[in-house]
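Take a short walk through this protein model. Start with a pocket, then turn to a helix and some aromatic rings.

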Amino acid sequence: MGRIVKFSPVFIISLSFCFISACSTFEDVTFDQQASAQLKSLAKSSIDLSNEPQAIALSELLAIDEANALIASAMANNPSLQQTLLTLKTAEQQLTVTSSSQWPNISAGLNANKSEASTANYSASVDVAWTLDIWQQLANASSAEQANVAASAYAYQGAKNLLAANVMQAYLGLVQTSQLIAIETVRVKAYQTNEQVIIDRYRKGLIELNELDTAKSSTQSSQATLVDYQAQYQQALRNIVLLTGVTENSLNYREVYPEVMMPLEKVSEQSLGRRPDLQQAYQNIIASQYQHKVAYKALLPSLSLTASITNSDANLHDALFGSNAWQLLGQLSAPIFNAGKLTSEVEIAKFSAEKSYWNFQEKLLSAVNEVDNAVAQEQAISKRLVLTKSALASAKRSEQTYTSRYRQGTVSLIDLLQIQQQTFSLQAQVTQLTYELLNNRITLGLALGLGV
C-alpha cells in the first residue's frame, strides 16, 4: 500500500524563500583564479600542464645504474616516504566517507520476542534516511575532499622527488669523500717520503733540525686531515643506508664523478607549474574554498526525508514478506539562534581560504628564487672550477720545477713543501667544486619540478 506525500504551501514558500535568500547573499571567493594569474605573471607558466611537453625525469640527470638502484631501494624502503603514502591512502578513504553522505542510508532490522505461555512474535523493519542536498552542501564537501586527495597525491610526489634528489646528492657526496681520501693519502705518502729524505740529509749534516720539524708538522697535519675525510666517508655511508635501506656491504658506487646533465638544456626555466609543492598548495586553495561554501550553507535550512516500513506477525515469513505498513516523513530545519557561531565559522573558512592563497604565493616566490639561485650558482661554480683547474695545472708544473731544484740544493725544503701543499689543496678544491657543480644541477632540477 502506498501513500502520496503532499507538502503544505507554507513549506514550499519557506523553502523557496530560503533558496532565493541563499543565492542573493552568498559571496564566493576565487583565490584559485588569483593563484593561477600569479603563477602566470611570475613564472610565465600555468598550473595546468596538460598541453606542455613531458619533462625529463629527475633521475635522468644522473643516469647511471648504481644511482638508479639506490633510488629504487629508497622508494621501497624509506619510512618517511611510506608514511606519506599512507597519508594519501587515508585521504582517499576519507573521500569515500564524505561522498557517502550524499546517498540515502538504508538499514534493516529483525526482532523476535517470545515470553512464557505465549507464541513467538516477529517484527521486521526497513528504515531509509536521506538528507536532500538542496544547496549542494554535501557535494561541496565531497569536492573539498577530492581536492584534499589531489593535494595529498602531490605531497607524495614531492616527497618522492625530494628523496630521489637526496639519494643522488648523497651518492655524489660519497664519490667526493672517496676522492678526497685518495688525494690526502697521496699527500701523506709524499710528506712521509720527504720526511725520510730530510732525516737522511740531517744525519749527514746537510740540513738543520728545524727543517725536520717542518716536515713532521706537515705530515701530521695531513694525517689529521685524512682522518677527518675518513670520518666523513663513514658518515656518507650511513646517510645512504638511512635513505635507501641498502647495507654497506651491498653498496656499489664509482670513485669518479658521473656526468650530471644541466636541467635547463632540457626544461624551460619558466615551467614551474609542474612543481608538486605548487600543485599541492593550489589544491589546498580549492579545498578551502569549497569548505567556505560548506560553512556558509550550514546557515541555510536543511531538508531530510525518512521512510520506515514495519510489520509484526507471529509467523516469520509473514513478518518478512507480508503486507507492511509504511510511513514517510519530511523534515525542514533551519538555524535560528546560535550566538553567531555559524557566522563566525563562515568567516574562519574564508580566512582559511585566503591563508591558503598566501601560502601558495609564498611557495611560488620561493620556487622562483630557488631557480634563480641555482642558475646563478651554476655560472659561478663553473667559472671557479675552470680557474681552479688552470691554477692546478700551473701548480703541478711549479712542483716539478721545485722538486728538481730542491734535489739540486738550490731551494729550501720549506719552498718545496709550500708548492706541494698548494698542489694538493688545489686538487681537493677541484674535487669539491666538481661536487658542488653536480650537486647544484640536481638542486636546479628539483627546483624546476622534475620528478621520478
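Which element gives the largest share of the lining of the second largest pocket? Helix α5 does, with eight residues. Keep in mind that this is a predicted model.

The second largest pocket has a volume of about 300 Å³. It is lined by 17 residues, and the closest to its centre are Gly158, Leu162, Arg275, Asp277 and Leu446. By class, the lining has eight nonpolar, six polar and three charged residues.

Now look at helix α3, residues 65–77. Its 13 residues reach 18 Å from first C-alpha to last, close to the 18 Å expected. Buried residues of α3 include Ala67, Leu70, Ile71 and Ala74. An α-helix has 3.6 residues a turn, so residues three or four places apart point the same way. Ser73 and Met75 in α3 are buried as well.

Next come the rings. The model has five aromatic pairs. One joins Phe31 and Tyr357, with ring centres 5.8 Å apart. Their planes meet at 25°, under the 30 degrees cut-off, so the pair is stacked. The pair links distant parts of the chain: Phe31 lies in helix α2 (residues 31–43) and Tyr357 in helix α9 (residues 341–408), 326 residues apart.

Are these two residues buried or exposed? Buried means under 20% relative accessible area. Phe31 is at 10%, so it counts as buried. Tyr357 is at 7%, so it is buried too. Ring pairs also bring in Trp358, which forms a cluster with Phe31 and Tyr357.

Finally, find Arg405. Its charged end sits over the ring of Tyr402, 5.7 Å from the ring's centre.

Terms used
Residues numbered from 1 in each chain as written. Predicted model: local features only at pLDDT ≥ 70, side-chain atom pairs only at ≥ 80, totals over all residues. Heavy atoms only, no water. 1 Å grid on protein atoms, 1.4 Å probe; cavity = no way out; pocket = protein on both sides within 12 Å on 5 of 7 lines; lining within 4 Å. Points joined across faces, edges and corners; volume = space filled by probe spheres on them. Helix = DSSP H or I, 4+ residues; strand = E, 2+ residues; numbered from the N terminus. Nonpolar A, V, L, I, M, F, W, Y, C, P; charged D, E, K, R; others polar. Expected span 1.5 Å × (residues − 1). Buried < 20%, exposed > 50% of the residue type's maximum accessible area, 1.4 Å probe, protein only. Phe/Tyr/Trp six-rings, centres within 6.5 Å; stacked < 30°, edge-to-face > 60°. Lys NZ or Arg CZ within 6 Å of the ring centre and 35° of its normal.
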